[in-house]
Amino acid sequence: MPMADTTRRHALGGIAARENRGPLYAFTDRNDGSFVMPDPDYVTGLYFPLMNLAGMKCSITPDLKGDICRDFNSYLTIPVVTEDLHRCNNSRNFWVTVQGKEPWSATGVSAKHYAGKWKRAEKAVLEAGLGWCKVIRENRALGLRVTTATHVPCSPDMVEVLSIEVENTSSRSVRFAGTYALPVFGRTADNLRDHRHVTTMCGEIDFHRNGVIVKPRIHHDETGHTPNVTSYAVLGFTGRGASPKHIWGYMREFVGEGGNLLNPEAVAKHLPAPRIPGNRTGGEEAVGAFRFSPVSLKPGAKTSFVVLHCITDDRRDLAKWARRFGTAPKAHASLDKTARYWNTTIDAVSFRSEDTNFNNLARWMAFQTFCRKIYGNSYLLDLGYGRGGRGWRDLWSDLLALFLIDPAGTRDDIVNNFLGFRIDGSNATIIGTEPGDFKADRNNIPRTWCDHGSWPFFVLNFYIDQTGDLRILDKKVTYFKDALIRRSKDRDLEWSEKQGTVQRTRSGSIYRGTILEHTLIQQLSSFFNVGEHNNILLEGADWNDCYDMARERGESACFYSWYGWNLRTLAGLIDELEKRGTRYVELFAEITMLLDRLPRGTRVNYNAPRAKQKRLQEYFTKVRHTISCRMVRVKCSDLAADLRAKAGHVYDHIRTREWIRTKHGELFFNGHYDNNGRRVHGNHPNGVRIDLTSQVLPTMFGVATRGQIKKLYHAVQRYLRDPELKGLHLCTDFKEVKMDFGRATGYVYGFKEHGSVWNQQNVMFSYALYRQNFVDEAYEVFSTIYDMCMKTQRAKTFPCIPSYFDSNGRGAYTYLTGSATWAVLTMATQMFGVRGELGNLCLNPKLVRAQFGRKGIAGMRCSLHNRALFVRYINRKRLNWDAYRIVSVTINGREVHAERDRRRPSATVRKPDLLRACTRSLNMVDVTLG
């Protein structure tokens, strides 16, 4: 692609953004999320995820740094985090050597490039899309342009494919030799600092006709060494599939004695690779380096190379991958297939409006949900923590968007995740890569987060609404069992690993309960587990992991709101079961201790926190190790009444006891109590304290009345809105290190959980306001975050919604963030208002006038019951959201019966009518507003 085609007349790119003269990138006209960025290596910390569903996990920067791995224990390259990028010289480096000229690093990682960087001696442009990345660099002195294109195939292959194209842009013939080099780590990330040299000595280095293979003899682990079967390979091919001429496997021989990767002796002096004695098998730091035979290019001519980065437990894969990707046409075909795959996948939930930036950014938000599925909370460069696996909360919340985008298989994901519930209402906190693979804690710290029980039912209810599948509640699955009991506050000394990690009865048999029963025990345990102020105990933390130092007396009033909604909504589902003919449900006998409003039950005074805790502890004692085999039948109407009584108590308690007034007359909700039992929010000598989450959740779940929502919104704008950035801070400045509350207060204000513009809570606030029909306010909150994302000269991120913006407005923790899940959910189900309600199609748009553009049309693509829909709202008069109503609904040109709400823009198409009308591969749903 010619350089001129990728630039715009206005200031654009890394230098423009660095100097605050223009945006960092611009979306292309293809409207598929692809974008271009000149001067990409003039902004710090940019990187890009490359992955496949099989679990290949890579990251790549504009100068081709980043890492390549399969999992925590299988890193082909040296693991890096963002701060390493300007310190390390490890890259996928391609050197071009023209006789009589200094070698040129076509990735920009060389001593010469860094020395001349501030003179802007070299032109470069990055172009990227969903699942692929290209960098084009031009050296005018040599008359050469090099394009590197990197992707991870969408097939199950554990390989990263790097295509290199060299073009002669001069008016004379150019003869050059190309040399590729990538340091090979080939072991677990633990060995980066633990036994680095010792584990290097374990590595065998084999020479393949196309490159280098590194295979450690053992997994070095002082608790128990084990044999290793994993090989790491770097293989090179010419565009036609020929092998390199020279190959280096030993780092010391490539860089030279006293040399380094910025100026390797083998490249600087154009040395041939040394002959490898037959008795040398490794034991030193490795590199995958090779030089191809010299190539002569006439003016305008091109030549290509392909490099494969491979991780495998079966070396026969290397030959297979060489056949599949080892020529330029095959590598290019794989890249095109991968780009189509991701675009087709993301098309499942996509948006169409006159704001093409919005349409394109929304695609990246959807892509981020897959990043979370594959990377979990680890591996990418911002995420300098974690050993793989996914957190419980993230596992559930990410399903919300994944179900919209990729509904196939999500039911199985939901069912499998219920295997992580304990009988005491807590759960495993770390989830492995296989179904049912659960771990008790992170970093051997036993704890329970008080919010963990809130997420599963929210997701389950969303699934039921989208599908109408109430029968999932009858599905029987096991419970997770380990040594932790009483919500991780005690240990079961009778349990051993030999007994397995499933709950058993007193007879020794494995117990299986329904998903309804699993849901009940999580909600009931949380309802009774209160502190002295009658809110759920904070325990290890709630959603804000950094409120983690109030484990004895701390409370989370905000998340008690969520449990109240769960209890009320679950009661409604049980009513629906009864309407469909289910009069009784069967539960294990001990659970009735917590269903105290059943007939003949011994009631607990809900206004007495000690009484609630006493009942819960009695239950914990009953189920400490095993449970009885006895089952009881509970009438659905009685069960629903019990849950409603509990929900009503929570609602009344939060509305009255946690609604506070500041000295300035502002009104909002307190969210927490510290470890000394003191209210955290409200008036304080250091200034008024308010927490955004504590306003979001009562709003979202209808605990706050309409009058309260108006008042708390005003308070949020006063205390949390940033006057310059416009986004909402997560909290006000504590102005102290509050050791009785959480480590968040130890962060400098404006960063991460201590007062950054935390996007997930901003978007959740927008979702909550939409849900309660505060549409103008919701749109304002959402638009502010969208604007911050698109002010790329300040945000300095590739297209995405980052986890948060710091005090300077710079995005941080890109890709792996719950912000994307909630953004997709908000746009689809609230803003565009397309969602399921017990399997029926609900159309409830809350689009403001400006979103319809000049033509008065806005739409989105989605899927319901495996039918692809394109819902188009037609608002010819360009009425605002509070003025229009739904006039008619047609599917594929034919009007369908829709139950319309005269008070709001809402209509419901029953599932049978929807299925009859959807006869095409993509069904056009036209909704006329008037």
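## A buried partner in a salt bridge

Glu658 is buried, with a relative accessible area of 1% (buried is under 20%, exposed over 50%, partly exposed in between; 1.4 Å probe, protein chains only). The side chain of Glu658 meets that of Arg679 in a salt bridge at 3.8 Å, N to O (a side-chain nitrogen of Lys or Arg within 4 Å of a carboxyl oxygen of Asp or Glu). Arg679 is partly exposed, at 39%.

## Basis of the model

This is a predicted model, in which local features need pLDDT of at least 70 and side-chain atom pairs count only at pLDDT 80 or more, while totals for chains, interfaces and linings use all residues. Residues are numbered from 1 along each chain as its sequence is written, and side-chain values use heavy atoms, with hydrogens and water left out.

## Other salt bridges

The structure holds 62 salt bridges. One of them joins Arg624 and Glu494 at 2.4 Å, N to O. Arg624 lies in the loop between α14 (609-622) and β34 (631-635) and Glu494 in the loop between β29 (490-491) and β30 (512-514), so this pair ties together parts 130 residues apart in sequence (helices, H or I, have at least four residues and strands, E, at least two; both are DSSP runs numbered from the N terminus). Both residues also belong to a salt-bridge network with Lys481 and Asp492.

Arg794 and Glu724 form another salt bridge, at 2.8 Å, N to O. Arg794 is partly exposed, at 32%, whereas Glu724 is exposed, at 55%.

## The whole chain

The protein chain has 22 helices and 49 strands. Buried residues make up 65% of its 930 residues.
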